[in-house]
Amino acid sequence: MLLRRLLPLPLLLVVASVVAFALPRLVGGDTDSVVRAVLRARVASATPDPQVEAAVAAQFGLDGPVVGQYLRWLGAVLRGDLGLGYVTRTPVAAQLGDALAVSGLLAGCALLLAAATGIPAGVYAARRPGGLLDRVLSAVGIAGVSVPEFVLAPWLVLVAAVWLGVLPALGWGGPQHLVLPALTLAAYPAALAAQLVRAETIDVLARDHVRLARAKGLSEGRVLWRHAARLGCVSVTALSGMFVAGLLGGSVVVEVVFGIPGAGRLMYDAVLARDLPVVQAGTLVIVAVAVVAGIVVEVVALLADPVARDREAAR
Amino acid sequence: MGRRLPGVVLAAVAVAALAAGCAGAGSAGGADPDGEITVGLQFPPRAAYAFEADDGARLQSLGVAETLTTVDDQARPAPGLATSWEQTADPRTWRFVLRPGVTFHDGTPLTPDAVVTALGYVAGVTAPPRAIRDIGFSVAADGADAVLITTAAPDPIMPMRMSSGNLGILAPTAYSGGGQPQVLRTGTGPYVLDTVNGTDSAVLLRNDAYWGPKAGAARVTVRYLPDPQTRALGLQSGDLQFAEGLPGAAVEQVRSAGADVAEYPAARTVELLMSQSTLFGDVRLRQAVTAAIDRPTLAAQVLAGAAAPASELFGAAVPWGATTPPPGADLARAKALLAEAGHGPDRPLTARLWTFPNRPEMPVLATAIGSMLEQAGIRVELTVGDYAAQEPDLLAGRFDLFLNSRSYLSDYADAASTLTSDYTCGGSYNLEHYCSPAYDALIQRLAETSDTAQRQALFAEAARLLTTDAVGVMVVHPRNTAGSRGVTGFVPDPLGVRPILPSLTRSAT
């Protein structure tokens, strides 16, 4: 099941490699302007010097036709050599590894937090649709979905770090540094999970097997959690694959606002500095990791859902 | 549901306990010389602290690497790693006497050979820094305590050039590995660069063997935080004790949190360049554009006081800069000049206005300037694009109006480089294609003037000439901001060429 889903991955990575290679060049206008931008970061001069440009272009592999540059880069990547970053002159693989470990931890905490809050909220809201709790949770959910991270993050910092002084505003290192970024990242998936679980649980609660469970005299709590909530959570589990993929490379705003050395911040800095090896390899690796993580989560979700599992087996 | 509540309460208690463990420091008191501070800086290193890149100045501002000379408040050369200097009988050669008793962070002594190795390296890279490029630079040891620096032609400002952050002196071991010099524990400054974490952070330790006044903190964590709001919030929360580049809208908020905020001029000018190869060869059109722009309003309202209106190229950051505010807009004069040049409602002047978004104030300013020009009857087509892509057209003069932000000191406190490259007939960065024999003759005099006061008078005269000739509109001089909380001793450096961290001392709790 897992292997079959992984089969298109090589083709996807080739496409991603072309996009990763071409995008910085398209944004910069042409190869010459990319060279000039790279040069400006490396050389203290406002005035271009063709000889210096040629030397720097050769040094950084930016000389010759673009197709040749791409093939040289792809060949090195296939040999496991992601090159040296222009900015730090250290291996890109190590930079990405460190950054992804940070983003992975942050994403994991955010998803756990989202699941721990969003799922119970959805289930409780489904008990009495239209009730006070349902309306309150719906309002909170709408806020969670609609407030963007760049608004939520400073507000959380203002409240928890500036006014209350109980959590750090920025940095990375201890568990205390995880709280606000994870809360920010968790807001959207938690709100979405609550809405999904609520809708599905309301649907499940109306099914025959739930009525049968009630008729058997099971407590409302048992009915709710054992029979309704489990099925209500299946779609959320499947959806979490998408969130994992997004959070690994997409938490740029949160990592920049909180000063976290994760993959999003690495890519943000690399784009600003025209650090092409990091941008190219980063895009490729983040796509690969995100796709694989998404597939793994999807398979786990399938295994948890007996109906979908049977449907998959029948293919 | 009731069974869940204790869990929620426990979780809240756990978060509170966790949070209490990391509660911030207390209130400020006297100085704590062994304190630790965390600072938030705006620009991360772009080239692993390479001296030949602009990162060289970063090591200087951190107080890690030092140069042979530095500058005083009047922008005159002052002793650094060299205590004195003189031009020898051969006017092409300067002799710098090294400061005795200086050791590098690795324990080795500062010697003439070490200086030769360091300056020889930076002179030999693919693209040597501006301070020593194209002047036939060479360096040699002279006895046990001096070096001789020779150029192809007599150079009146070699002591000033030697203050450039690109010319920092590291221990010989820094250069032994080939490639880019090793910057960890190889400088001479009041702080030792102990750890570098890419573009995220760096750790500095006090150099207790420093030859001058000791640094104010035992340890400094440098955080590179590109987001201005993050720096402001970090200062407010106490996570940072010092931050540079605060957003204008947050200054009062930061002050109300108990932080000191210093606002001081930057040696930078936002200039509206007018290409004399296209529309603006006619001085009346340049004067019309100048008259149409209300610079005091741009500074006070569009930039909310984050800049001073500019009347000339040089502003309050340098001793020779103009501090008189420019006049406001004079639409009647602008329209009259346009009419005189053959433009009016029937034949409006249409100009393309370009700028770039790397500095967030640029598109905002360009939009406001476009609106002001429209009021004078000049139609404006605004384009905000990538500078690197615009550059070939700019260098060829294929533009009408270009809003640029330019540091006028670049690497050391002397403006000859900018005045030459940007405005002389053969200037390598003369985007406007301005060419005036009178101006070039004035600049030529700089090549024979070594006295700092006389040079500064010439800089001011050159700036006035540019204003008279309506070469570009000097729009605003941006202001720098820096906030400190829980530390004392910040000394603003409008010249931007001196260390900023060593004087900061943590207040005792």
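Student: In which helix of chain A is A:T184 placed?

Tutor: Helices are DSSP runs of H or I, at least four residues, and strands are runs of E, at least two, numbered from the N terminus. A:T184 sits in α9 of chain A, residues 176–205. This is a predicted model: local features need pLDDT of at least 70, side-chain atom pairs count only at 80 or more, and totals for chains, interfaces and linings use all residues. Residues are numbered from 1 along each chain as its sequence is written, with chains lettered from A and ligands numbered from 1 in the order written.

Student: Which residues does A:T184 touch?

Tutor: Contact means C-beta atoms, placed from the backbone, within 7 Å. Leaving out residues up to four places away in sequence, A:T184 touches A:E149, A:L152, A:A153, A:L156 and A:V254.

Student: What domains does chain A have?

Tutor: Bounds come from an automatic or database assignment. Domain 1 of chain A covers 2–78 and domain 2 covers 92–313. Across them, 17 residues of domain 1 of chain A contact 13 of domain 2 of chain A. On the domain 1 side, α2(A) gives the most, with eight residues.

Student: How many helices and strands are in chain B?

Tutor: Chain B has 14 helices and 21 strands. Of its 509 residues, 51% count as buried.

Definitions and conventions
Two residues are in contact if their C-beta atoms, placed from the backbone, lie within 7 Å. A residue is buried if 20 or more other C-beta atoms lie within 10 Å of its own, exposed if 12 or fewer, and partly exposed in between; C-beta atoms are placed from the backbone.
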